[in-house]
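Work through the exercises below with the sequence and coordinates open. Each task is followed by a stepwise solution.

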Amino acid sequence: MRKEGRRPGPPGPYALLPWLLMGLGSFSNLFQGETPNPWIGGIGLLAFNSLYVSVVFRGFVKEKRESPVSYVLLGAMAAITFGLAIGYGGSWLLFFPLLSLACGTILRHRWLAAGLLGLAVAACLIAVWRDDSTSTPWTLGYGTFISGAVTAAILTLSETVMELRSTRQELARTAVEKERLRFSRDLHDLLGHTLSVIVVKSEAARRLAPRDMDAALSQVADIESVGRQALTEIREAVTGYREGSLATELDRARSALTAAGIEPSVRRSGPPLAPQTEALLGWVVREAVTNVVRHSTATTCAFVVEGTSGRVRLTVTDDGRTPAAPPAPGIGGTGLKGLTERLAVAGGSLEAGPGPAGGFVVTAELPADAPGAPQGGAAGDG
């Protein structure tokens with residue numbers, strides 16, 4: 001299998017070291033004895049090269065680049081550059097482009113513009129005053145300015161590219177986390193609801209078996225049907241294409257509640273709903289039924305769907321025993337918390353708490369055409 005080529009990274013400090021070869025003319029003058037006070041020139045050349053290497057390497061580390069030490073080193077480079085250029089002229093003036101390049105690795109924004117303009121003007125003036133430059137004054141000034149500007153632009157662009165790559169990796173990680181959350185919610189909800197229905201129908205089959213074998217077998221057939229449907233839904237949840245239907249969930253709710261000895265009632269009014277809205281309300285029905293079957297002593301459970309052209313409301317009311325410490329509106333177990341988050345994303349709301357006449361009431365409101373209903377269900381246990 002062919003390996004994917006590595007993506008090129010930003011330039012490193014070693015890419016700027018070959019520019020030190022611009023100082024070979026000064027070294028040649030020292031070596032051939034054409035420079036007066038060669039010891040001063042030699043020490044200056046060694047100090048400049050050492051400072052240049054240090055500054056360039058610091059410029060590629062943000063913390064070091066912004067350290068006061070970097071500005072001190074850059075100032076020392078400037079002092080040596082001006083001293084050697086004024087004292088020797090000629091090929092020593094080429095240290096100005098090198099100083100500008102070092103400034104491009106350290107300075108940013110207004111400081112960079114001011115520094116490069118100042119160095120370019122100074123290089124031109126000193127070249128005119130010395131009148132022995134190896135290149136024309138304006139060429140030296142232009143080279144001084146452009147070397148620092150290009151260096152700063154390349155490094156800034158490289159830093160931006162690295163930040164974009166880091167951001168893309170973070171977005172990919174976030175997408176993976178969201179997908180894991182979606183799958184965990186789906187799986188938790190599907191298993192919680194399905195197992196609750198299976199337990200209820202198994203208990204009904206056990207009660208009916210001694211006196212009505214046909215009714216017991218009907219419950220067993222329902223258990224098989226529920227299990228097969230759960231397998232299908234889990235496969236769909238894995239691929240992320242599961243869409244709930246409010247009518248389907250209401251039919252399942254009737255079957256599960258009847259098997260548990262709870263009398264269901266359903267009343268619907270209003271125009272047809274968007275698929276996203278139907279899917280979200282289907283999750284609310286599923287979660288509410290799971291809670292009624294598992295946690296209450298209800299004998300009746302009513303589902304009321306009221307819709308207009310703009311909003312739709314689903315109310316699930318049972319007459320079970322109210323908990324001693326009822327949850328706050330919109331807050332409940334894991335399932336209700338997940339549903340509250342999902343409905344909020346779609347512009348809706350969820351409230352759950354004791355009803356004014358006893359029992360427990362779950363109320364969900366959504367736009368009739370809820371946009372972008374996220375895939376995945378609420379968690380399973382309210």
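This is a predicted model: local features need pLDDT of at least 70, side-chain atom pairs count only at pLDDT 80 or more; totals for chains, interfaces and linings use all residues.

**Exercise 1.** State how many helices and strands the protein has, and what share of its residues is buried.

Solution. 
- Step 1: The secondary structure consists of eleven helices and five strands.
- Step 2: With buried set at under 20% relative accessible area, 41% of the 382 residues qualify.
- Step 3: Among contacts with a separation of 6 or more, 72% join residues 24 or more positions apart.

**Exercise 2.** Identify the residues of the largest nonpolar core that touch the most other members, and the element that gives the most to it.

Solution. 
- Step 1: This core has 37 residues; those touching the most other members are Leu257, Leu281, Val284, Val285, Val289, Phe303 and Leu350.
- Step 2: Elements giving two or more residues include α7 (137-208), α9 (246-259) and β2 (300-307).
- Step 3: The top contributor is α10, with nine residues.
- Step 4: Leaving out residues up to four places away in sequence, Leu257 touches Ile262, Pro264, Val289, Val292, Val293, Cys301 and Phe303.
- Step 5: A separate second core holds 34 residues, among them Leu16, Leu45, Tyr88 and Ala122.

**Exercise 3.** Decide whether helix α5 is largely enclosed or exposed, and compare its reach with the expected span.

Solution. 
- Step 1: α5 covers residues 95-106.
- Step 2: Its buried residues include Phe95, Leu99, Cys103 and Ile106.
- Step 3: Twelve of the twelve residues are buried, so α5 is largely enclosed by the rest of the structure.
- Step 4: From first C-alpha to last, α5 reaches 17 Å, close to the expected 16 Å.

Methods. Residues are numbered from 1 along each chain as its sequence is written. Side-chain values use heavy atoms; hydrogens and water are left out. A nonpolar core is a set of buried Ala, Val, Leu, Ile, Met, Phe, Trp, Tyr and Cys residues joined through side-chain atoms within 4.5 Å. Buried means under 20% relative accessible area, exposed over 50%, partly exposed in between (1.4 Å probe, protein chains only). Helices (H or I, at least four residues) and strands (E, at least two) are DSSP runs, numbered from the N terminus. Contact means heavy atoms within 4.5 Å. The expected span of a helix is 1.5 Å times one less than its number of residues.
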